[in-house]
Amino acid sequence: MFLRSAGNGGMDDPNPGGMNNWNDNNGNGGDDENFLDVLKAWLKSDEGKEDIQTYTISLCVALLLRFTIIEPRYIPSLSMYPTFDVGDQLAVEKVTKRIRPFNRNEVVVFNPPDTFRQIVSSNYGIDAKKSKEALIKRIVAVEGDQVLIKQGKLYVNGQKQDEPFTAEDAQYEFGPVTVPPGDVLVLGDNRNHSLDGHIWGFLPKENVIGRAVFIYWPPWRVGNDGMY
């Protein structure tokens with residue numbers, strides 16, 4: 001599942017034909033001049049300077065949080081259903097990946113590895129730009145684990161895993177494989193509708209952006225059920 005940053009970047013131009021007449025030919029030039037005069041006066045005033053300082057500090061704090069601590073993401077597909085539904089917006093925490101090892105069953109957002117990009121480009125016709133978009137999956141195995149999927153069930157180190165968060169049993173066979181040092185294995189909760197590690201292999205831990213911690217929108221789905 002491609003996971004996109006929350007925002008409104010996809011909004012269509014309400015006037016794609018460009019038919020609105022933005023040129024003012026009705027003698028309103030004086031209004032524009034009055035507005036500029038007011039704006040200049042406000043910028044020179046103590047109130048204006050204080051407001052600009054407040055807005056600048058707020059923007060810097062928001063950007064600091066966005067790039068170092070937590071960031072919003074939204075879900076565009078069903079590859080992690082039922083844990084996440086299309087349109088869910090969630091918070092991704094980016095700090096603990098540096099101080100706490102990854103564990104099985106944690107949900108992570110990550111930059112796709114090179115193997116993913118090569119597969120989707122050659123087999124699915126997805127362009128290079130889209131193949132670099134962040135993904136979200138669940139860690140099912142960590143380095144050193146032996147993984148096997150048979151008869152629809154996941155086995156880690158010979159033990160069948162209890163996975164109440166999955167949509168259905170896997171309709172494919174996988175493994176046995178051993179997760180290499182520095183990597184994890186990730187799968188989608190919607191096992192049969194997810195382009196994940198059983199297709200493109202292991203995920204380097206350095207590619208992880210952060211852990212999904214809770215859904216904050218829509219209101220009726222707020223919470224962190226199934227994120228462990």
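**Ring cluster, helix face and backbone details**

Let me start with one residue. Arg104 has a relative accessible area of 37%, so Arg104 counts as partly exposed. On this scale, buried means under 20% relative accessible area, exposed means over 50%, and partly exposed lies in between; the probe is 1.4 Å and protein chains only are used.

Two notes on the source. This is a predicted model: local features need pLDDT of at least 70, side-chain atom pairs count only at pLDDT 80 or more, and totals for chains, interfaces and linings use all residues. Residues are numbered from 1 along each chain as its sequence is written, and side-chain values use heavy atoms, with hydrogens and water left out.

Back to Arg104. Where does Arg104 lie? It lies in the loop between β3 and β4.

The next residue is Asn105. Its loop runs between β3 (89-93) and β4 (107-110). Phi of Asn105 is near 80°, a positive value in a residue other than glycine. Gln151 also has a positive phi, near 50°, and is not glycine. Gln151 sits in the loop between β6 (146-150) and β7 (153-156). Is Gln151 buried or exposed? Its relative accessibility is 71%, so Gln151 counts as exposed.

Now the cis peptides. One joins Gly175 and Pro176, with omega about 10°. Pro176 is placed in strand β9 (residues 174-178). Another joins Trp217 and Pro218, with omega about 5°. Pro218 falls in the segment after β12 (208-217).

On to the rings. How many aromatic pairs does the structure hold? There are 2. Rings of Phe, Tyr and Trp (its six-membered ring) pair if their centres lie within 6.5 Å; planes under 30 degrees apart are stacked, over 60 edge-to-face, and the rest tilted. Phe110 and Trp200 form a tilted pair, 6.1 Å centre to centre, with 50° between the planes. This pair links distant parts of the chain: Phe110 is in strand β4, Trp200 is in helix α4 (residues 197-200), and they are 90 residues apart. Phe116 and Trp200 also pair. Their ring centres are 6.0 Å apart and their planes stand at 85°, so this pair is edge-to-face. Phe116 is in helix α3 (residues 114-123) and Trp200 in helix α4, so the pair ties together parts 84 residues apart in sequence. Phe116 and Trp200 are both buried. Put together, ring pairs link Phe110, Phe116 and Trp200 into a cluster.

Phe110 and Ile136 are 26 residues apart along the chain, with 6.4 Å between their C-alpha atoms.

Next, helix α3. Which residues of α3 are buried? Phe116, Ile119 and Val120 are. They cover an arc of only 90° around the axis, so they lie on the same side of α3. That arc is taken from the directions running from the helix axis to the C-beta atoms. An α-helix has 3.6 residues a turn, so residues three or four places apart point the same way. The face of α3 turned away from the buried side carries exposed residues: Asp114, Gln118 and Ser122.

Charges over rings come next. A charge sits over a ring if NZ of Lys or CZ of Arg is within 6 Å of the ring centre and within 35 degrees of the ring normal. Arg138 lies over the face of Phe165, 3.7 Å from the ring centre. The charged end of Lys150 sits over the ring of Tyr155, 5.4 Å from its centre.

Note on methods: Helices (H or I, at least four residues) and strands (E, at least two) are DSSP runs, numbered from the N terminus.
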